[in-house]
Amino acid sequence: MRKSFLLFLYILLSVIPAFANDSIQTKRPHFITVQMNNGVIIPTKKLTETSYRAPLYGAATIKYGFGAKGDNWKDQLYGMPYYGIGAYLPRFSERKYFGDPFSVFVFQGAELKRINPTLSQL
């Protein structure tokens with residue numbers, strides 16, 4: 001009897017706040033960014049002694065983030081901030097010198113100026 005009462009009370013307390021909120025709720029904008037880079041590494045003296053060509057690299061970055069809703073004065077004051085998490089994976093042609101690094105990072109940013117709201121979604 002007591003378990004069923006506690007279950008009923010738990011369900012009731014979790015449902016009541018849903019009725020108290022406004023029926024129109026704005027969602028936070030989410031985004032996913034994929035970036036690919038490549039280039040040449042400026043060789044050091046140790047690399048030039050073993051190889052005559054400059055080592056190459058390629059990198060991939062993926063970011064998942066979410067932005068401010070814009071319904072608060074603080075969002076407008078701080079430039080519609082956005083936050084997220086990302087992963088960075090570089091690949092080098094000379095792996096014996098550079099290895100296989102991998103990084104996971106968090107990021108934060110804000111808008112400086114929104115030129116056209118229809119072109120920039122975040």
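Student: Which residue in β3 does Gly-58 stand opposite?

Tutor: Gly-58 stands opposite Arg-91 in β3. Please note that this is a predicted model, in which local features need pLDDT of at least 70, side-chain atom pairs count only at pLDDT 80 or more, and totals for chains, interfaces and linings use all residues. Residues are numbered from 1 along each chain as its sequence is written, and side-chain values use heavy atoms, with hydrogens and water left out.

Student: How many bridges link strand β1 (residues 30-40) with β2?

Tutor: β1 and β2 are joined by 11 bridges, also in the antiparallel sense. Within this pairing, His-30 stands opposite Phe-66 in β2.

Student: Why is Gly-70 called partly exposed?

Tutor: Buried means under 20% relative accessible area and exposed over 50%, with partly exposed in between (1.4 Å probe, protein chains only). Gly-70 has 25% relative accessibility, so it counts as partly exposed. Gly-70 lies in the loop between β2 (56-67) and α3 (73-77), where helices (H or I, at least four residues) and strands (E, at least two) are DSSP runs, numbered from the N terminus.

Student: Which residues is Gly-70 in contact with, leaving aside its neighbours within four places in sequence?

Tutor: They are Asp-75, Gln-76 and Met-80, where contact means heavy atoms within 4.5 Å. The C-alpha atoms of Gly-70 and Met-80 are separated by 6.5 Å.

How values were computed. Two strands pair if DSSP finds at least two bridges between them.
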